[in-house]
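Visitor: I would like a close look at one helix pair. Please keep it brisk.

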Amino acid sequence: MGCQNIAELIWPNAQRINNFRFDKMTSYIIRRLLYIIPIVFGVLLLTFVLFNLVGGDISLEIAGKNATQETIDEIRAEYGLDKPLFLSWDSQFINHFKNALTFNFGRARDREPVIDKIKRGAGPSLALTIPMFFCTLIIAISLSLIVAFLRGSKWDVIVLVVCVSGMSVPYLSFILFGQYFFAYKWGLFPVFFSPDLAMPQYVALPIIIGIVAGLGGNLRFYRTIMLDEMRSDYVRTAYAKGLSTTRVLFKHVLKNAMIPIITQVVLAIPFLFLGSLLLERFFGIPGLGYLMIDAIGARDYFVINAMTYISAILFVMFNLITDLCYALVDPRISFE
Amino acid sequence: MNKLQKPAENIYQKGRSLWSDALRRLRRQKLAMISFVVITFYVGFAGFIYLAESLDWNMQTISWEEETGDSYQPPSVKNVFGTDIFGRSVLRKTLYGVKISITVALCASFISLAIGVPLGAIAGYFRGVTDDVVVWIYSTLSSVPYILLVLAFAVVLQNKTIFGIKLTGITTVYLAIGLTSWVGICRLIRGEIIKRKESDYVLAARSYGCPTMRIIFKHLLPNVFHIIIINFSLRFVGFIHAEVILSFLGLGETDRPSWGAMINDARIELSRGVWWQMAAATAAIFFISLALNIFGDALRDSLDPKLKV
């Protein structure tokens, strides 16, 4: 209350300015929401150009080699490929938009509705990616704090060398060698997914491999952030007033490094839904990554189209949430 | 009195340009120079294969199709990395993979720079509607996960005939990578141009009636060129890894050996204990990536004016 009075003394219009900020905030949110429209439109345009214009009529491919004209026509009619591309209310262009906005993606090439496939795959994918992502994050951040503490020493150099080496090994090699040694040769984990296994059993090894493969890049990224913070004036002040290193690191540096970290984390979340393409492929986990690779092998444009659209929508949503959180939390953000 | 004046002479010392200064600092870093040698070796070898192929030299090292032993021979003196299922030397296949990989990475970089740099520069300089359109295009592209975008492009472009050119093998791969990865550089260049377009030298050029395109491409772009170089060197690794993944998924080169295809073969071979094809491809990728990572970092450290001490 005292504070309020002092604020009133120094700045008699404080209340009005707060209202002003609130109004600006509302208009910012509305503007930010409107901004989604062109992006969604753009994504739909992109998928239309890719799959309908460049990809073209794939009914011949679906029908197979010895199909009669009748079957081909039937397939064309089912996928709407017999309709004009533009310039009609019933054109492929309009239908593409209509279907996407109502989340009606039709049937995949094995006749199962695409949306059912995606719903089924999301679970296993998330079971794999969520633990992988958060473990990597926690390990990388705690290690980066330690490395920031040891900066310039022999250990710092060693960690950096290991990180860069880890980044240089191809992801595929991590997976293949990991699967070969840990599962096949030493039998510590099941080699392949099978429906009678419990979930922790079949996701354990892929998660470990994912963490090891992703740690190098992440650790180096967070190390840079931490070192940037370590150079700031407030760290020097904190040391100067006699705080212990642990307190400076965990209380001050970590808190300030949170802004870039949170951006990174929130924007990575929609990609978790996608699963891990290669890990799922190798371990036969029936998630969305596996679905995607199957679709590539079968040249199933319908599945790829749906996945592209859904992940773009998720990304746009999370991007909006990040921006709004910033605006709420950080008073320095302007609403222009 | 004389003693006091003496240090002042140093002020008139000739200043170093950004480039010569960067070169001087780069030379001091031994590791970066070693990496540079490794990179030159890879690129030089890729060029050598092109030369040998176009001039029809019959060299053993690059004739990967030749059978040099029985199927699945383990590493020996004759075949350093053993042989594959058809008895071909894995070493020769790996060396041939250098050509595919470097070609893809170079072409993809070229395409992404050719799209990203002019678009970013024009958007940043003109602002207004042009800027809005460019920002809209790249926000759209960046809202689709990168790997999904590359795969979608590669699947659609594979075996398509566009403008009378049939897209096969590595052409599909570098088109898919190049067309999808210009967003980063475009964003960077746009930001830099916005920052610099009101600088004195730009105002001076404008005041004496320099054509706009000349201002952008002759005056502004050379001043942001170091950003392009840094971005290029750091992206190159990503392109090599992307090529491996695309070839592994069967979207790349199918009738000539590439590292991705070798890893794909190794997937089945590993269970029979045949590890050498996998090891050879991994080693080849590892060394070029390590060299590029180290060199890219060193380049950034010596070219970025913000990091100068």
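How many helices and strands does chain A have? Then take me to the contact of helix 9 with helix 11 of chain A.

Guide: This is a predicted model, in which local features need pLDDT of at least 70 and side-chain atom pairs count only at pLDDT 80 or more, while totals for chains, interfaces and linings use all residues. Residues are numbered from 1 along each chain as its sequence is written, with chains lettered from A and ligands numbered from 1 in the order in which they are written.

Chain A has 14 helices and 0 strands. Helices are DSSP runs (H or I, at least four residues; strands are E, at least two), numbered from the N terminus.

Now the pair. Helix 9 spans residues 199–230 of chain A, and helix 11 spans residues 245–272. Their axes come within 10 Å and cross at roughly 130°. Axes are lines fitted to C-alpha atoms over the stretch in contact, with angles from 0 to 180 degrees between N-to-C directions. The crossing is right-handed: the near helix is turned clockwise from the far one by less than a right angle.

Helix 9 of chain A brings A:Ile225, A:Met226, A:Glu229 and A:Met230 to the contact. Helix 11 of chain A answers with A:Val253, A:Asn256, A:Ala257, A:Pro260 and A:Ile261. Contact means C-beta atoms, placed from the backbone, within 7 Å. By class, the residues are 7 nonpolar, 1 polar and 1 charged. Nonpolar covers Ala, Val, Leu, Ile, Met, Phe, Trp, Tyr, Cys and Pro; charged covers Asp, Glu, Lys and Arg; the others, Gly among them, are polar.

Definitions and conventions
Two residues are in contact if their C-beta atoms, placed from the backbone, lie within 7 Å.
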